[in-house]
Amino acid sequence: MDGIAQTTAGSTPTGTASSHGARHAERLERLAEVAVKVGLGLRPGQELVITAPLETVPLARLITEQAYKAGASLVTTFYTDDAATLARFAHAPEAAFDTAAGWLYSGMAEAYRNGAARLAIAGDDPSLLAGQDSAKVARANQARSKAYVPALELIANFSTNWTIVSAATTPWARTVFPDLPEAEAVSRLWDAIFAASRVDGPDPVAAWEAHNAALHARMNALNAHRFAALRFFGPGTDLTVGLADDHEWCGGASASRSGIVCNANIPTEEVFTTPHKDRVDGTVTSTKPLSYQGTLIDGIQVRFEGGRIVEATARTGGDVLAKVLETDAGARRLGEVALVPASSAISASGLLFYNTLYDENAASHIALGQAYSKCFRNGGVEFSADDLAARGANRSLIHIDWMIGSDRIDVDGLSAEGRAVPVMRAGEWVD
């Protein structure tokens with residue numbers, strides 16, 4: 001499940017919205033409505049904090065308008081800019097890469113503690129930092145991860161309602177559609193976003209209600225089994241993921257600790273839960289590239305022993321992956337496992353999005369790092385940090401999803417006695 005990593009870079013503004021005409025404007029308005037009503041479930045009187053790339057101003061403004069119509073007391077938006085990010089790597093002094101805006105994340109954490117909702121608009125350039133010094137990239141990411149902890153913990157605990165939506169940006173569109181003219185690439189990416197976000201039909205809110213009901217039915221079926229572990233097997237993969245004690249499967253709309261029902265990811269196709277940090281063994285190979293903080297990491301293959309990654313390689317971006325794994329003691333362990341059918345709407349599009357929010361919803365996936373404390377019985381509300389750790393929940397400064405499912409991967413659920421129950425075959429649910 002995406003949502004913990006903050007947007008770190010934006011893009012140069014362009015006039016993409018005008019090229020789509022009235023139909024684009026209508027669908028953009030519907031996406032903003034879905035973001036506020038379905039994604040956030042925003043309540044009257046709530047504040048809202050938005051983070052967004054600079055190129056996504058039109059969507060951010062529409063979301064702001066929808067939020068105020070829903071009764072928001074204040075909407076505060078923080079914009080980011082690719083050019084400013086690259087200027088740092090070109091001109092900042094060496095010591096600057098160990099610095100992060102802790103004051104900003106502390107302020108966000110205070111807002112969330114006081115009941116503010118959180119919304120991120122994603123649209124990063126997947127390869128923004130590909131040509132930069134990997135050591136500097138790793139240092140900057142680690143500094144930001146440490147500074148982000150106060151906000152991260154509140155988001156990971158679902159202390160408030162939050163969501164992520166995406167907007168088409170020029171660099172992202174060029175990556176997804178490298179052979180198309182720029183304007184056409186942006187238009188095609190918008191079409192894909194609107195379809196995946198279920199805003200093409202006459203009543204997107206009703207469409208989301210039906211989709212959430214289907215995800216809840218799948219979630220309930222998995223919870224009824226009370227599996228002790230999952231086994232993924234297929235080309236390059238034979239991985240057993242032990243599940244945390246007292247774990248619960250989640251999926252679709254759910255209540256935050258504040259009692260507000262939200263969809264944390266728009267779109268979403270997954271059901272997910274918390275692995276046991278010490279009970280993961282075997283080898284797994286990624287099935288899609290991972291776009292992480294402006295670096296593309298592809299061809300990941302790792303081996304787990306006793307829950308910990310003991311070997312890791314990647315065809316591209318391996319140096320960045322190696323540094324990510326050194327972030328802290330929990331970075332080599334899992335914080336999430338999620339199941340997604342290979343025939344999901346996003347997978348059926350046939351597109352590789354180079355964006356975790358989308359690609360994770362085209363394939364089953366795992367996440368390195370921080371666990372979601374809500375994926376326990378009763379939403380984990382009665383568990384302290386020590387209680388969660390005792391049940392196997394991982395702690396880390398990071399939470400990075402990467403895709404391991406495909407139409408060539410099977411999944412079994414394993415009972416406490418070791419009995420195997422088919423859950424997925426060739427990437428599809430077994431009913």
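**Loops, cores and a pocket**

Trainee: Where is Asp 246 found?

Mentor: Look in the loop between β6 (237-243) and β7 (254-255). Keep in mind that this is a predicted model.

Trainee: What is the phi of Asp 246?

Mentor: Phi is near 65 degrees. That is a positive value, and Asp 246 is not a glycine.

Trainee: And how does Asp 246 count by accessibility?

Mentor: Partly exposed, because its relative accessibility is 27%. Buried would need a value under 20%, and exposed one over 50%.

Trainee: What about Arg 198, what is its phi?

Mentor: About 60 degrees. So that phi is positive too, in a residue that is not a glycine.

Trainee: Which loop holds Arg 198?

Mentor: The loop between α8 (182-196) and α9 (204-225). Arg 198 has a relative accessible area of 22%, so it is partly exposed.

Trainee: Now the peptide bond from Ile 266 to Pro 267. Is it cis or trans?

Mentor: It is cis. Omega is near 10 degrees. Pro 267 sits in a loop as well, between β8 (261-262) and β9 (271-273).

Trainee: Let's zoom out. How many helices and strands are there in the chain?

Mentor: The chain has 13 helices and 20 strands.

Trainee: What radius of gyration does the chain have?

Mentor: It has 20 Å. A compact globule with 431 residues would come out near 22 Å, so the chain agrees with that. Along the principal axes, the C-alpha atoms fill a box of roughly 60 × 50 × 45 Å.

Trainee: What percentage of the residues is buried?

Mentor: 57% of the 431 residues.

Trainee: And what do the contacts look like along the sequence?

Mentor: Take contacts between residues at least 6 apart in sequence. Of these, 79% join residues at least 24 apart.

Trainee: How many residues are in the largest nonpolar core?

Mentor: There are 71. Leu 59, Ile 63, Leu 119, Ile 121, Leu 189 and Trp 190 touch the most other members.

Trainee: Why do nonpolar side chains end up together?

Mentor: In soluble globular proteins they tend to be buried together.

Trainee: Back to Leu 189. What is it in contact with?

Mentor: Leave aside neighbours within four places in sequence. Then the list is Ala 168, Thr 169, Trp 172, Ala 173, Val 176, Phe 177 and Phe 353.

Trainee: What classes of residue line the second largest pocket?

Mentor: Eight are nonpolar, six polar and three charged.

Trainee: Last one. Where is Arg 88?

Mentor: In helix α3, residues 82-91. Arg 88 is partly exposed, with a relative accessible area of 29%.

Notes
Residues numbered from 1 in each chain as written. Predicted model: local features only at pLDDT ≥ 70, side-chain atom pairs only at ≥ 80, totals over all residues. Heavy atoms only, no water. Nonpolar A, V, L, I, M, F, W, Y, C, P; charged D, E, K, R; others polar. Core = buried A, V, L, I, M, F, W, Y, C linked by side-chain atoms within 4.5 Å. Buried < 20%, exposed > 50% of the residue type's maximum accessible area, 1.4 Å probe, protein only. Contact = heavy atoms within 4.5 Å. Helix = DSSP H or I, 4+ residues; strand = E, 2+ residues; numbered from the N terminus. Rg over C-alpha atoms; globule rule 2.2 N^0.38 Å.
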